[in-house]
Amino acid sequence: MEKAPASKGAMPAIPKKLYFRIGEVSDLVGVKPYVLRYWESEFPDIKPSKSKSGQRLYKRRDVELLLRIRQLLYEERFTINGARKRLKEMGRGEAPVVSAVAPAPIEEAPRQLEAFPPEEAEEMDEEIALRSSASVAPQVAKTLAKVKRDLQELLGVLTLENS
């Protein structure tokens with residue numbers, strides 16, 4: 001028997017954290033951990049990282065996607081294949097859409113620490129992009145872009161903790 005989310009159709013508030021363990025995600029999404037593991041095998045966009053001990057660590061965007069998948073499967077009654085196609089149509093990274101419910105409040109993005117003045121950072125980004133586009137395979141470039149986003153997110157969290 002599945003866990004019931006806080007209220008049907010309403011998206012639960014997702015705490016401000018960098019990573020979530022499978023038990024926390026299970027409670028937020030309202031399904032058992034084995035369901036989350038199954039969804040990982042069925043939906044390629046769900047890719048939690050793993051800790052040194054092998055425990056799954058989900059990011060906020062993973063939790064948002066899992067909430068959308070739950071809505072498609074349990075409330076809109078899509079099949080797994082139908083939900084996969086619907087997510088593909090909607091595009092990756094789209095926030096969960098909850099019908100007839102006010103959207104969750106948008107949290108203010110953390111203030112970014114600037115290691116370089118903005119004009120120097122832009123020049124460096126352009127130079128890196130030019131060098132990497134010619135010599136790096138597309139998959140490696142995607143991985144590097146993901147690492148960059150993660151590091152920027154982590155920097156934002158650390159900046160908030162230190163202020």
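User: Among contacts in the chain between residues at least 6 apart in sequence, what share joins residues at least 24 apart?
Analyst: The model is predicted: local features need pLDDT of at least 70, side-chain atom pairs count only at pLDDT 80 or more, and totals for chains, interfaces and linings use all residues. Residues are numbered from 1 along each chain as its sequence is written, and side-chain values use heavy atoms, leaving out hydrogens and water. Contact means heavy atoms within 4.5 Å. For pairs at least 6 apart in sequence, the share that joins residues at least 24 apart is 64%.

User: In what order do the elements of the chain run from the N terminus on?
Analyst: Helices (H or I, at least four residues) and strands (E, at least two) are DSSP runs, numbered from the N terminus. The chain has six helices and three strands. From the N terminus on, the elements run β-α-α-β-β-α-α-α-α.

User: Which strands stand at the edges of the sheet?
Analyst: Two strands pair if DSSP finds at least two bridges between them. The three strands form an open sheet with antiparallel pairing, in the order β1-β3-β2. One side of each edge strand is left without a neighbour in the sheet, because each has a single partner strand; these edge strands are β1 (20–21) and β2 (49–50).

User: Is Ser53 buried or exposed?
Analyst: Buried means under 20% relative accessible area, exposed over 50%, and partly exposed in between (1.4 Å probe, protein chains only). Ser53 lies in the loop between β2 and β3, and its side chain joins that of Ser51 in a polar contact of 3.0 Å (a pair of N or O atoms within 3.5 Å; within protein, one must be able to donate a hydrogen and the other to accept it, and residues adjacent in sequence count only if both atoms are side-chain atoms). With a relative accessible area of 65%, Ser53 is exposed.

User: What arc do the buried residues of α2 cover around the axis?
Analyst: The buried residues of α2 are Val35, Leu36, Trp39 and Glu40. They are on the same side of α2, because the arc they cover around the axis (taken from the directions from the helix axis to the C-beta atoms) is only 150°.

User: Which elements do the buried residues of α1 pack against?
Analyst: The buried residues of α1 are Ile22, Val25, Ser26, Leu28 and Val29. Seen down the axis, they fall within an arc of 165°, so they line one face of the helix. They pack against β1, α2, β3 and α3.

User: What is the phi of Arg77?
Analyst: Most residues other than glycine have a negative phi. Arg77 is found in the loop between α3 and α4 and counts as exposed, at 66% relative accessibility. Although Arg77 is not a glycine, its phi is positive, at about 60°.
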